[in-house]
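Have a look at the model first, then read on.

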Amino acid sequence: MNLMKLTTRQQIAHLMRRFAFGASELELNHLEPLGVQGALDHLLNYESQDEGFGISPWEFCREPDKDEVYVDGYRFASWWSLRLVMSQRPVEQKLTLFWHNHFAVGGDKVEFGPMLYTYLETLRVNAMGNFPTLLKAISRDPAMLHYLDGDTSVRNSPNENFARELFELFTVGKGNYSEDDIKETARVFTGWGNRYLLYEDPQMEFQAKLKDCIARNLPMVTSSFSPELSDDGPKKVFGKVANYNADSLLEMLALRPQTAALITGKMWQFFAGTKLPNALAAKLINLFLKTNGNTKAVLKEIANSPEFWTEQCVRKQVKSPADFTVSILRQLGLYPILKGLHPVSSSNSSSIPKPLRDAAGMLWGTMFKQGMALLFPPNVSGWPMGKAWITPNNMLVRAQFADLLFGVGQPEQPLAGFVAKQILDTNPLTSYNSIIKFLTIFDADLPPVKQYILIQAFDKHGGLASLKTPSGASKTLGEVARLLFSTPEFQLG
């Protein structure tokens, strides 16, 4: 597939699949007049755009008719799942997911949800900036400190966990450091700990303090540095002896060529999903080093590289559970409906409306069943990408998602009626046109023989006539979607 063979709309759809989570027809209609470069600029320069997501995570921490605030990590994971679908700055959320997988922190150990929320904000705020700044910020994030035991590392008893992952996973990668480098670096990061403000006022019980922090937007846990617990002596790293502190060491590690190779390689894999050609790898590494590790510059170079538009890249990346699940809801164009379900008068003391809570739970749960539990990665290495997602279990879960989506067997089928209306409003006249519209809604590209299989299923379960009632549409569209979601082509984006 050559760039010149793709229409402007197809090129923008490719951008949206990779840099966002797909696009609805309305989004493509909005972006198409901008052209490919205009659409790319719109996606990457999101800081000036309203995110359009006014739902507070604290609304997920409330229950109807209950006074308590519940702060387990699953509530914040559900909230983030909903944000992935509703955010009008999708690249920001896609990057946050990328960095979450790179700087993995898990709610299995960090059990306090507000710490996970702060961690997500650390990633989001620094997502499109320079890597040294992000690396410094995440190194002293309370959740990261706790997850890798940095909050227990003191002079004369340094903990090596963070130092080991800093070298192996976060910066230079395996084979580019020694055990002595790890031991010396662990000394650099002694003295950092977490301060739990929730427990510092003995006159105020936990729930009262929790509500006070929420009401006044105060941090509940912050990191702190105690010089008297820090080893401030000279350290030898990469053969050089110096009085390193955390920032100077991280700055040095962040901009080493091996780090540039690791980060740009992972970015290419995440956003392009193919083997990175050597010539392009060298170009991305040089750009990373030249721009002080600027994420936006690397993303722009990826999007403008000829390799990003080849037949080996377009619609050849295996969808992660997030790409599969979130993109389906974004392609449906549900933003106005979801936004309308959220009261304008809501506040941090309000409980999230049940339909939004259910939608978020369905999202997170479906990703979890496929092995991608947001905020609960399997280990510090994060999730594997690519073909590892294609398993018998995941194919079954993806097919079954059609039933959840269209409410098959449920008393209410709002999405079935919503999609049926889109099909009927195009005056399809034939089953073929109905299926083409169905495939267009879900940004699916199937060969004619598989389109014919969907047409047969559509006709078998009632065809056009069935779309005129929610129950009929639920059964028919559920059957068609189950087949579509099971095809090998739909696993690729």
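Searching the whole structure turns up three cavities of 30 Å³ or more. A cavity here is a set of points on a 1 Å grid over the protein atoms alone where a 1.4 Å probe fits but cannot get out, while a pocket is an open set with protein on both sides within 12 Å along at least five of seven lines; lining residues have an atom within 4 Å of a point. Volumes are the space filled by probe spheres set on the points, with grid points joined across faces, edges and corners. Keep in mind that this is a predicted model, where local features need pLDDT of at least 70, side-chain atom pairs count only at pLDDT 80 or more, and totals for chains, interfaces and linings use all residues. Residues are numbered from 1 along each chain as its sequence is written, and side-chain values use heavy atoms, leaving out hydrogens and water.

**Cavities**

- The largest cavity comes in at about 170 Å³, and of its 20 lining residues, Arg-17, Lys-319, Ser-327, Leu-492 and Gly-493 lie nearest the centre.
- Helix 16 (321-331) and helix 1 each give at least two residues to that lining, with helix 16 supplying the largest share, three residues; helices are DSSP runs of H or I with at least four residues, strands are E runs of at least two, and both are numbered from the N terminus.
- Sorted by class, the lining of the largest cavity has eight charged, six polar and six nonpolar residues; Ala, Val, Leu, Ile, Met, Phe, Trp, Tyr, Cys and Pro count as nonpolar, Asp, Glu, Lys and Arg as charged, and the others, Gly among them, as polar.
- The second largest cavity has a volume of about 130 Å³.
- It has 14 lining residues, and Ser-139, Leu-145, Gly-150, Phe-162 and Phe-189 are the closest to its centre.
- The lining of the second largest cavity has nine nonpolar, four polar and one charged residues.

**Pockets**

- The largest pocket holds about 730 Å³, and its 24 lining residues include Pro-355, Asp-358, Ala-359, Pro-414 and Leu-415, which lie nearest the centre.
- Helix 18 makes the largest contribution to the lining of the largest pocket, six residues.
- That lining counts 17 nonpolar, three polar and four charged residues.
- Helix 1 gives the most to the lining of the second largest pocket, five residues.

**Overall build**

- The chain contains 24 helices and four strands.
- Its radius of gyration is 24 Å, close to the 23 Å that the globule rule gives for 493 residues, so the chain is as compact as a globular protein of that length; the radius is taken over C-alpha atoms, and the rule is 2.2 Å times the number of residues to the power 0.38.
- Of the 493 residues, 54% are buried, where buried means under 20% relative accessible area, exposed means over 50%, and partly exposed is in between (1.4 Å probe, protein chains only).

**Asn-348**

- Asn-348 sits in the loop between helix 17 (335-340) and helix 18 (354-369), and is partly exposed at 30% relative accessible area.
- Leaving aside residues up to four places away in sequence, Asn-348 touches Ser-56, Trp-58, Arg-62 and Ile-214 (contact means heavy atoms within 4.5 Å).
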